[in-house]
Amino acid sequence: MKAFWKNHWKLLLGLCAVLLFAGAWLLIWHRVGQQVEQAAYKSVYDTLTFDGAYYQKCSQETVRDYVPEAEEIGEALCGSELGVLQFPSETGTVECPLYACKPLEDAEKERGIVLLKGQDGYMAYELSGFRYLDESPSVWAVCASYGIGKAADIESLTVKDADGNVLETVTDSGALSDFFDKLVKLGDCLTDEALAQIYYDVYTAEFGDDGVLTLKDGRLKARDDYSFAAAADFWNRDVKLVTIRLKNGLLMRDCMYMPVPGVFAVYGNYRVTEPFFADEKT
């Protein structure tokens with residue numbers, strides 16, 4: 001045996017090193033796998049669907065957009081129980097009760113915020129849309145879903161630049177009425193082909209048919225990535241983000257107004273027929 005060790009010690013040492021490396025590698029991947037699995041289970045809480053509406057997990061800052069006095073996301077914000085949702089977990093399916101936001105409920109507001117009691121405490125969710133609006137809705141369907149039937153239903157507008165800097169907050173009834181009139185004139189949602197045509201037309205009107213962009217079979221293509229980025233900078237010039245705050249308690253957050261192509265994105269993309277703001281031209 002001593003002779004065997006003496007003659008083969010290098011080989012055996014190498015095998016031990018390989019085994020130790022393999023063991024360490026397996027241990028690392030086991031831990032990584034556990035972390036990935038745990039992250040996957042946590043990610044199922046990022047969004048939820050309830051009663052035909054989509055909700056996105058949100059921060060306390062977002063909750064304060066609806067309930068300025070909210071000190072924390074916790075039991076104190078919980079109103080009536082809306083139902084129980086099921087989520088997968090490492091130990092099997094768990095059931096989590098969903099609650100209305102009490103301050104909104106007491107004020108007879110819509111469910112802009114709901115709260116979920118999970119395994120690690122309470123989580124808040126903001127209304128982000130409606131399932132039945134998924135298929136290219138008209139702007140009238142969008143307005144009806146959010147409870148916008150007249151200008152008086154709008155409490156305020158917050159207008160920001162593309163970087164999120166607030167430019168103005170509009171509360172004047174005349175200005176809100178003017179905005180409402182333009183909003184409901186947006187009409188039907190544009191198809192992808194119609195949107196591509198608009199972008200192509202406005203580009204060629206500005207720069208001519210320089211061969212940088214081509215439009216074929218309803219699809220817009222650029223000569224290269226640099227050319228597309230330059231075209232995008234042109235289309236996105238003076239973009240404004242518009243948050244519509246409604247008196248029923250809901251927010252239509254960061255609708256995108258693009259004055260260069262003349263497009264307003266609120267749920268789908270809609271053709272603008274006249275400038276939304278006095279200092280701009282379509």
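Strand 1 (47-50) and strand 2 (53-58) form a hairpin with two residues between them. Helices (H or I, at least four residues) and strands (E, at least two) are DSSP runs, numbered from the N terminus. The model is a predicted one, in which local features need pLDDT of at least 70 and side-chain atom pairs count only at pLDDT 80 or more, while totals for chains, interfaces and linings use all residues. Residues are numbered from 1 along each chain as its sequence is written, and side-chain values use heavy atoms, with hydrogens and water left out.

Asp 51 lies in the loop between the two strands and has a positive phi of about 55°. Most residues other than glycine have a negative phi. With a relative accessible area of 64%, Asp 51 is exposed; the classes are buried under 20% relative accessible area, exposed over 50% and partly exposed in between (1.4 Å probe, protein chains only). A positive phi is also found at Asp 238, at about 65°, although this residue is not a glycine. Asp 238 is placed in the loop between helix 7 (225-235) and strand 11.

An open sheet of six strands, paired antiparallel, has the order 8-7-11-12-13-14. Strand 8 (166-170) and strand 14 (269-271) stand at its edges with a single partner strand each, so one side of each is left without a neighbour in the sheet. On average, neighbouring strands of this sheet are turned by 20° against each other, direction ignored. Axes are lines fitted to C-alpha atoms, for helices over the stretch in contact, and angles run from 0 to 180 degrees between N-to-C directions. Strand 7 (residues 154-161) pairs with strand 8 in the antiparallel sense over four bridges, and Lys 160 has Val 166 in strand 8 as its bridge partner. Helix 5 (residues 173-184) packs on the sheet and touches strand 7, strand 8, strand 11 and strand 13 (263-265), its direction making about 80° with that of strand 7. Contact here means heavy atoms within 4.5 Å. Helix 4 (residues 139-146) lies across strand 11 (240-246), strand 12 (251-258) and strand 14, and runs at about 155° to strand 12.

A search of the whole structure finds 14 aromatic pairs. Rings of Phe, Tyr and Trp (its six-membered ring) pair if their centres lie within 6.5 Å, and planes under 30 degrees apart count as stacked, over 60 as edge-to-face and the rest as tilted. Phe 228 and Trp 235 form an edge-to-face pair, with 6.1 Å centre to centre and 70° between the planes. Phe 228 counts as partly exposed at 42% relative accessibility, whereas Trp 235 is buried with a relative accessible area of 4%. Both residues belong to one aromatic cluster, formed by Tyr 199, Tyr 203, Phe 207, Phe 228, Phe 234 and Trp 235.

The count of disulfides comes to zero, a disulfide being a pair of cysteine sulfur atoms within 2.5 Å. For Cys 78, the closest cysteine sulfur is that of Cys 101, at 8.3 Å, too far for a bond. Cys 101 is in no disulfide, and its nearest cysteine sulfur is that of Cys 78. Cys 78 is buried with a relative accessible area of 14%, and Cys 101 is buried with 2%.

Overall, the secondary structure comes to seven helices and 14 strands. Of the 282 residues in the protein, 39% are buried. Among contacts between residues at least 6 apart in sequence, 53% join residues at least 24 apart. The average pLDDT, the predictor's confidence in each residue from 0 to 100, is 85, and 82% of the residues score at least 70. Over residues 32-41 pLDDT stays under 50, and the model has four contacts beyond four places in sequence for this stretch.

Methods: Two strands pair if DSSP finds at least two bridges between them.
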